[in-house]
Amino acid sequence: MVKPKIYVTRKLPSERAMKLLFEYCDVDLNEESRPPTKEELIEHVKDKDGLLCLLTDKIDKDVLDAAPKLKVISTYSVGYDHIDVEEATKRGIYVTYTPGVLTDAVADHTWALLLAVARRLVEADQCVRQGCWKIAWAPDFMLGTDVYGKTLGIIGLGRIGTAVARRAKGFNMRILYYDKERKLDVEKELGVEFRSLDEVLKESDFVVISVVLTKETYHMIGERELRLMKPTAYLINIARGAIVDTNALVKALEEGWIAGAALDVFEEEPLPKDHPLTKFKNVILTPHIASATTETRARMADLAVDNLLSVLKGEMPKHLVNPEVTKIRPLSEVKMIE
Ligand code: NAP
C-alpha cells in the first residue's frame, strides 16, 4: 500500500505524534513557525489525502475545492469554527478535533484571568517594576474586588464551562449558567442554576464566556447585553473573540458599563499593539494561550495524530465532528493504511 500523503500546517510539540506521522504517512510539513497563507494552503492540499491543521488555518470552500483527494481534516484544537464542516461533509471528508484533553488547562487559565482582573495583578506587578510603589502599605492602595462568595455566570456550560464551575465551588460562589439546553447532570453535581442569558448577565459579578462560536453565537454579547451587566462586573472571554462585539466592549469599558474584562481571544488575532483594548488598565489581555501548557499541547498533538491515523486506517476516530459523513463515504472507502 502506498503511504497516504498528508499536509501538516505546523510542527507539533510531541515527539510521539511527529514520529507516528512520518512512520505511516508521506508528510509535507510546513517548517515555518507561521501559518501557511491561503495560497500556500491551496497549493499544498492539491494532492493530499489528509490535512492536519491549526485553528489559524481557514479551511473554506476554496481550500476544499483544491483538494479532490482529501479524506480527513484533523484539527489540533477543540474549536472547529475555522473549518467549513458542512462543505467537508458533502465531500465525504472526515473532520476530527481534540476535545477533553485541554479542558482543565483552559479552565485553569480562565481562573487565572478572573483572579488577575479582580485583584489587579498585572497592574500591581507593573507598579512594583516601574517604581510606583512608594508607600509600604496604605488602606486604599490598589483595591480590587472580592471573588470569594460572589456570583459567577457561565455562558456555555460545556466541558470547559463545567470545569470552570467546578473550580468556583472552592471559592464558595453562587454559579449561574446559560446554555442552549439545561445540563441537569451538572446542576445536580455542582448546584449550578440555569437562567436566561439576560438574567445571567444581570445577576453575575463575573461572566465567563465558554460557548462555542457558531452563526448563532456570533456577537452574542453586544451593546444590549453589556448594558445589562452590573457596573461592578467583569467579563472573561476564553472561547472565541467573535462571540463578543469588540466595538461594543470598547464602548462599555470607556463608558464604565462594566468594571473590566479579561480576554484570551479576539476578533482580530494577533491583536494589534495599538488596539483600543490595550489602553485600559482594567483589562487583561493574553495572546490566545488558554491551552498553552507543555503537557496539554503534547496531549492535543497525540490526539490530533491518532484521530488522523484512525480515519486513514479505516477505523472510527476518537473524536469525529461530523458523524453523518460515514453515510456519505464509509470508513472502508477512506482506508489507506493496513
Ligand atoms: P463544548 O463542550 O462543546 O461546550 C460548548 C457549550 O456551548 C455546550 O454546552 C453547548 O451546548 C453550548 N452551546 C452551543 N451553542 C449554543 C448556543 N447557541 N447558545 C448557548 N449555548 C450554546 O466545548 P468546550 O470544549 O467546552 O469548548 C468551548 C469553546 O472554547 C470551543 O468551542 C473553543 O472555541 C473555545 N476554546 C478556546 C480555547 C483557547 O485557547 N482560548 C481553548 C479551548 C477551547 P450543547 O452541548 O447543547 O451543544
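**Reading the ligand site and the aromatic pairs**

Reply: Please note that this is a predicted model. We may begin with the ligand: one of its oxygen atoms is 3.2 Å from an N or O atom in the side chain of His-288. The protein covers 87% of the 930 Å² of accessible area that the ligand has on its own.

Me: How many residues surround the ligand, and which are the closest?

Reply: The ligand is surrounded by 27 residues, the closest being Ile-160, Asp-179, Lys-180, Lys-183 and Ile-238. By class, this shell comprises 13 nonpolar, six polar and eight charged residues. For Lys-183, an N or O atom of the side chain is 2.8 Å from an oxygen atom of the ligand.

Me: How many aromatic pairs does the structure hold, and why is the pair of Tyr-80 and Tyr-97 edge-to-face?

Reply: A pair of aromatic rings is described by the distance of the centres and the angle of the planes. The structure holds five aromatic pairs. In the case of Tyr-80 and Tyr-97, the centres are 5.3 Å apart and the planes stand at 85 degrees, so the pair is edge-to-face; planes over 60 degrees apart count as such.

Me: Is Tyr-97 buried or exposed?

Reply: Tyr-97 counts as buried because its relative accessibility is 14%, and buried means under 20%. Tyr-80, at 31%, is partly exposed.

Me: What kind of pair do Trp-111 and Phe-171 form?

Reply: Trp-111 and Phe-171 are stacked, with 4.5 Å centre to centre and 15 degrees between the planes. Trp-111 lies in helix H5 and Phe-171 in the loop between helix H7 (159-169) and strand E7 (174-178), so the pair ties together parts 60 residues apart in sequence.

Notes:
Residues are numbered from 1 along each chain as its sequence is written. This is a predicted model: local features need pLDDT of at least 70, side-chain atom pairs count only at pLDDT 80 or more; totals for chains, interfaces and linings use all residues. Side-chain values use heavy atoms; hydrogens and water are left out. A residue is near a molecule or strand if one of its heavy atoms lies within 4 Å of it. A polar contact is a pair of N or O atoms within 3.5 Å; within protein, one must be able to donate a hydrogen and the other to accept it, and residues adjacent in sequence count only if both atoms are side-chain atoms. Accessible areas come from the Shrake-Rupley method with a 1.4 Å probe; for residues, only the protein chains shown count as cover. Ala, Val, Leu, Ile, Met, Phe, Trp, Tyr, Cys and Pro count as nonpolar, Asp, Glu, Lys and Arg as charged, and the others, Gly among them, as polar. Rings of Phe, Tyr and Trp (its six-membered ring) pair if their centres lie within 6.5 Å; planes under 30 degrees apart count as stacked, over 60 as edge-to-face and the rest as tilted. Buried means under 20% relative accessible area, exposed over 50%, partly exposed in between (1.4 Å probe, protein chains only). Helices (H or I, at least four residues) and strands (E, at least two) are DSSP runs, numbered from the N terminus.
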